[in-house]
Amino acid sequence: MEAKLHDRAPGDESSGDRRHRTLTGLQAYLIGLVLAVIFTATSFWAASTNLLWAPGIPIGLAVLAVAQMGIHLVFFLHITTGPDNTNNVLALAFGVLIVALVVAGSLWIMANLNANMMPAPELMNMQMQH
Amino acid sequence: MSAAAHAHGHGDHGVPPSTSADGPAPKRIIVAYGFWIFLLSDIIMFSALFATYAVLATATNGGPTGRQLFDYRNVAIETGCLLASSFTCGMMALAVDVENRLWTYVGAAVTFALGAIFLALELHEFADMIAQGATPQRSAFLSAFFTLVGCHGLHVSIGLLWLVVMMAQIWAKGFRDTILRRLLCFSLFWHALDIIWVAVFTIVYLMGGR
């Protein structure tokens with residue numbers, strides 16, 4: 001019995017008898033669907049409305065997207081913080097670290113390159129001469 | 001503590017040193033964990049494409065911008081289709097869990113149909129853009145756009161093909177252990193594609209179309 005506590009495959013529902021598993025599984029997918037629809041609808045509304053403060057919208061969209069990814073992970077992929085899920089969460093954490101390094105690192109380096117480059121008109125002239 | 005338990009198990013029962021105190025994990029867990037690692041590496045590949053897109057999003061070279069090209073309505077329908085197909089894929093997984101063939105086929109058929117609608121809308125959007133002269137060769141922005149969104153679309157196509165193959169396997173072989181493991185991997189793949197699409201519609205369409 002105790003062996004079951006230690007590991008769970010990513011994507012697997014909780015253990016227990018089949019009927020119970022089906023019901024709790026259905027509940028999780030429904031909660032996930034409702035939350036995902038709310039977040040998606042809010043994102044599309046925020047992007048197309050004039051009512052919000054425009055410079056803040058990209059940050060709001062990013063927050064909504066991250067929240068929705070979390071919803072998908074928990075309710076659709078069943079990646080939870082339970083003790084049987086440690087391996088899956090650790091792999092995910094490493095993935096998130098690499099993604100953050102790749103994206104933030106690229107944007108940082110390229111922004112620096114852009115800032116240190118010569119002004120656009122001169123560059124255009126140089127390209128014309130070739 | 002785990003080292004002590006391990007040494008104990010090794011001494012008493014001759015368990016190979018590589019296994020934990022509880023013995024090796026079931027194959028279902030090992031297979032799904034391996035596939036989870038693959039999915040994470042796939043997401044890391046996508047992160048490089050996202051970074052490329054974010055860097056080049058304003059490099060339109062005088063060509064059309066995202067604001068002129070993107071149609072929110074179309075993207076909203078695509079998003080709805082993919083989200084609904086993720087849900088029906090979950091329903092299919094529940095049917096597989098109780099080994100109900102009919103509902104497995106129904107879930108798979110709806111999932112396939114919604115995925116196919118998504119793909120059709122995306123291809124239609126691409127064809128529309130190319131007809132307007134917004135080809136991948138036009139600007140760095142468009143190259144990055146077609147690479148990123150096209151790569152996601154390619155993943156969806158592969159997922160649809162995989163789904164058909166899985167249904168053929170259930171039809172021919174029934175709910176064997178190997179097939180149950182493949183179906184678990186397919187569910188993970190399909191849900192992961194929806195997570196990537198959340199990033200695509202937020203970063204490419206909603207932020208880029210403003």
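Modeller: A helix here is a DSSP run of H or I with at least four residues, and a strand is a run of E with at least two. The model is predicted.

Colleague: How many helices and how many strands does chain B have?

Modeller: From the N terminus on, the elements of chain B read α-α-α-α-α-α-α. The count is therefore 7 helices and 0 strands.

Colleague: Is chain B a compact globule or more spread out?

Modeller: The C-alpha trace of chain B spans about 75 × 45 × 25 Å along its principal axes. For 210 residues the globule rule gives 17 Å, while the radius of gyration of chain B is 22 Å, well over that value. Chain B is therefore more spread out than a compact globule.

Colleague: What share of the residues of chain B count as buried?

Modeller: A residue is buried if 20 or more other C-beta atoms lie within 10 Å of its own. Among the 210 residues of chain B, the share that counts as buried is 37%.

Colleague: How far apart are the end C-alpha atoms of helix H7 of chain B?

Modeller: Helix H7 of chain B covers residues 177–207, which makes 31 residues. At 1.5 Å a residue, H7 should span 45 Å. The end C-alpha atoms agree with this, as they are 44 Å apart.

Colleague: Where does H7(B) bend?

Modeller: The bend is the angle between axes fitted to the seven residues ending at a residue and the seven starting there. For H7(B) this angle is about 25°, and the bend is at B:Phe201.

Colleague: How many residues of H7(B) are buried?

Modeller: H7(B) is mostly covered. Of its 31 residues, the number buried is 24.

Colleague: Which residues is B:Val200 in contact with, leaving aside its neighbours within four places in sequence?

Modeller: Two residues are in contact if their C-beta atoms lie within 7 Å. With the neighbours within four places set aside, the contacts of B:Val200 are B:Leu148, B:Val149 and B:His152.

Colleague: Which helix gives the most to the side of chain A that touches chain B?

Modeller: The contact takes 44 residues from chain A and 40 residues from chain B. On the chain A side, helices H1 (18–48), H2 (57–76) and H3 (86–116) each supply at least two residues. With 14 residues, the helix that gives the most is H1(A).

Colleague: Is B:Asn61 buried or exposed?

Modeller: B:Asn61 lies in the loop between helix H2 (27–56) and helix H3 (66–69) of chain B. B:Asn61 has a positive phi of about 55° although it is not a glycine. B:Asn61 has 9, so B:Asn61 is exposed.

Colleague: What is the phi of B:Glu99 near?

Modeller: B:Glu99 is in the loop between helix H4 (72–97) and helix H5 (101–131) of chain B. B:Glu99 counts as exposed, because it has 12 C-beta neighbours inside 10 Å. Its phi is positive in a residue other than glycine, near 55°.

Technical notes:
Residues are numbered from 1 along each chain as its sequence is written. Chains are lettered from A and ligands numbered from 1 in the order in which they are written. This is a predicted model: local features need pLDDT of at least 70, side-chain atom pairs count only at pLDDT 80 or more; totals for chains, interfaces and linings use all residues. The expected span of a helix is 1.5 Å times one less than its number of residues. The radius of gyration is taken over C-alpha atoms; the globule rule is 2.2 Å times the number of residues to the power 0.38.
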